[in-house]
Amino acid sequence: MDDCISLGIGEPDFDTPPDVINQAMQDVLQGYTHYAPAQGDPELLRLLSRQLSRETGLDILESNLVATPGGMGALSAALQAVLEPGDEVLIPEPYFPAYKAHVIMAGGTVVPVPTTFDTGFTLRPQDLEQAVTAKTKALILNSPNNPTGNVLDAETLDALAEIVRDRQLIVLSDEVYDRMVFEGRFESIVTRPGMAEQTVVIKSCSKTFAMTGWRVGYAFGPEWLMPQMIKVVNYATTCVNSPGQRAALAALRMDQSPFIAMAESFQRRVGLLWKRLQEMPGILCHRPAGSFYLFPDISKVNPDSKDFALSLLEEEKVLVIPGAAFGQSGEGCVRIAGTVGEEKLEKAMDRLQRFVHKDQ
Ligand code: PLP
């Protein structure tokens, strides 16, 4: 389609900074073309251990870490290491669709825990509690959230931690958007008392460093679980590609200002989109607290999110994702990704406004 503006896929439009690419290329020329240890490049693990310990206040040793093929690789390795056939995994809905596939591939059963627009899609502790059964093994948390932009606050994290601690559930805390929090500091459930023993934290270089194609992520978790996760990574992929791990090391080591500027740019774009959506009667939208997504309620215009998205694409050449793709709780909403420049975003919002107003 000519002249289509895609606010669809969650992929930063920024390229990997040249400093990262140059360092990775130099390392490749120096011989980083071989297998890396299954757990990860030792230098990368050492640096992560220091940085993550400083960030969380926890003692994260190299033995608590594993490098993975993106956050996706961490997610699948964690679920395969943890689940027995029939185990239930609680996932607040709407959720990143890959979660469901990974749970099924690992032999588990997805149990969605609905959230609603009225609460800004915040998971309510009482809803989580009600969804727990004798078969519940794990909970997947994703804050900042894809698709809703919700960020779990300290109080909610305390309450959720209490529930999962009492029931000894394993938490997979997907924190791939942790550098895109617009107000205050990012907080993780892993820092709550006792939670380091039952939480696997998933991080990724993809969005943080504009490195989606390099396929590097990492996870940290308790000593009792990590050897099993490393085994899965080992047999599934042997190791993460060596050049990618060197690039990750370069990105983590360098002056962070290009990445801070990127995160600020996402914040500005989200602000712009939110402001424009406020001006469109019939559309409701919470101001996202993080990520680069907005999840407006479009149900007054058209209650069928797929139909809305298809008509918008056909009539105005703007691509958004139907909320139903993220589970039943997402129906009536669409996901808009702020992954193009501000000028294009304004143009996309002009088109959306025309689309929304056409019958009025
Ligand atoms: N988790 C969430 C919530 C995501 O949105 C994504 C990608 O869109 C991922 C994990 C996986 O990203 P990657 O494997 O590139 O790190």
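Which residues of H3 are buried? In helix H3 they are Gly-70, Gly-71, Gly-73, Ala-74, Leu-75, Ser-76, Ala-77, Ala-78, Leu-79 and Val-82, where buried means under 20% relative accessible area, exposed over 50% and partly exposed in between, with a 1.4 Å probe and protein chains only.

## About the model

This is a predicted model, in which local features need pLDDT of at least 70 and side-chain atom pairs count only at pLDDT 80 or more, while totals for chains, interfaces and linings use all residues. Residues are numbered from 1 along each chain as its sequence is written, and side-chain values use heavy atoms, with hydrogens and water left out.

Helices (H or I, at least four residues) and strands (E, at least two) are DSSP runs, numbered from the N terminus.

## The sheet

Let's start with the sheet. Seven strands form an open, mixed sheet in the order S2-S8-S7-S6-S5-S3-S4; two strands pair if DSSP finds at least two bridges between them. Strand S2 (65–68) and strand S4 (109–114) are at the edges with a single partner strand each, so one side of each has no neighbour in the sheet. From one strand to the next, the twist averages 20°; axes here are lines fitted to C-alpha atoms, for helices over the stretch in contact, and angles run from 0 to 180 degrees between N-to-C directions.

Strand S8 (residues 217–220) runs antiparallel to strand S7 (residues 199–204), and four bridges join them. S2 and S8 also run antiparallel and are joined by four bridges. Gly-217 in S8 stands opposite Ser-204 and also opposite Thr-68, while Ala-219 in S8 stands opposite Ile-202.

## Strand S8 and Phe-220

In a regular strand the side chains alternate between the two faces of the sheet. In S8, Gly-217 and Ala-219 point one way, Tyr-218 and Phe-220 point the other way, and all are buried.

Phe-220 has a relative accessibility of 4%. Its contacts (heavy atoms within 4.5 Å) include Leu-52, Thr-56, Ile-60, Val-190, Val-201 and Met-226, not counting residues up to four places away in sequence. Glu-175 is 45 residues from Phe-220 in sequence, and their C-alpha atoms are 11 Å apart in space.

## Helix H3

Helix H3 (residues 70–82) lies across S2, strand S3 (88–93), strand S5 (136–142), strand S6 (170–174), S7 and S8, and runs at about 160° to S7. Ten of its 13 residues are buried, so H3 is largely enclosed by the rest of the structure.

From first C-alpha to last, H3 reaches 19 Å, close to the 18 Å expected at 1.5 Å a residue. The expected span of a helix is 1.5 Å times one less than its number of residues.

## Around the ligand

Now for the ligand: 14 residues surround it, and the closest are Gly-71, Asp-174, Ser-204, Ser-206 and Lys-207. Here a residue is near a molecule or strand if one of its heavy atoms lies within 4 Å of it.

Several polar contacts can be listed; such a contact is a pair of N or O atoms within 3.5 Å, and within protein one must be able to donate a hydrogen and the other to accept it, with residues adjacent in sequence counted only if both atoms are side-chain atoms. An N or O atom in the side chain of Asp-174 is 2.5 Å from a nitrogen atom of the ligand. For Ser-204, an N or O side-chain atom is 2.5 Å from an oxygen atom of the ligand. Lys-207 has a polar side-chain atom 2.7 Å from an oxygen atom of the ligand.

## The loop between S5 and H6

Gly-149 sits in the loop between S5 and H6, and Asn-150 is found in the loop between S5 and helix H6 (154–166). Gly-149 counts as buried at 1% relative accessibility, and Asn-150 is buried with a relative accessible area of 11%.

Not counting residues up to four places away in sequence, Gly-149 touches Pro-288, Ala-289, Gly-290, Ser-291 and Tyr-293. The C-alpha atom of Gly-149 is 7.4 Å from that of Phe-295, 146 residues away along the chain. Asn-150 has a polar side-chain atom 3.0 Å from the backbone oxygen of Gly-120.

## Helix H11

Twelve residues make up helix H11 (residues 305–316), and its end C-alpha atoms are 16 Å apart, in agreement with the 16 Å it should span. Its buried residues include Phe-308, Leu-312 and Leu-313, and what covers the buried residues of H11 includes strand S12 (334–337) and helix H12 (342–357).

At the start of H11, a side-chain oxygen of Asp-304 comes to within 3.0 Å of the backbone nitrogen of Lys-306. Just after H11, Lys-317 has a positive phi of about 55°.
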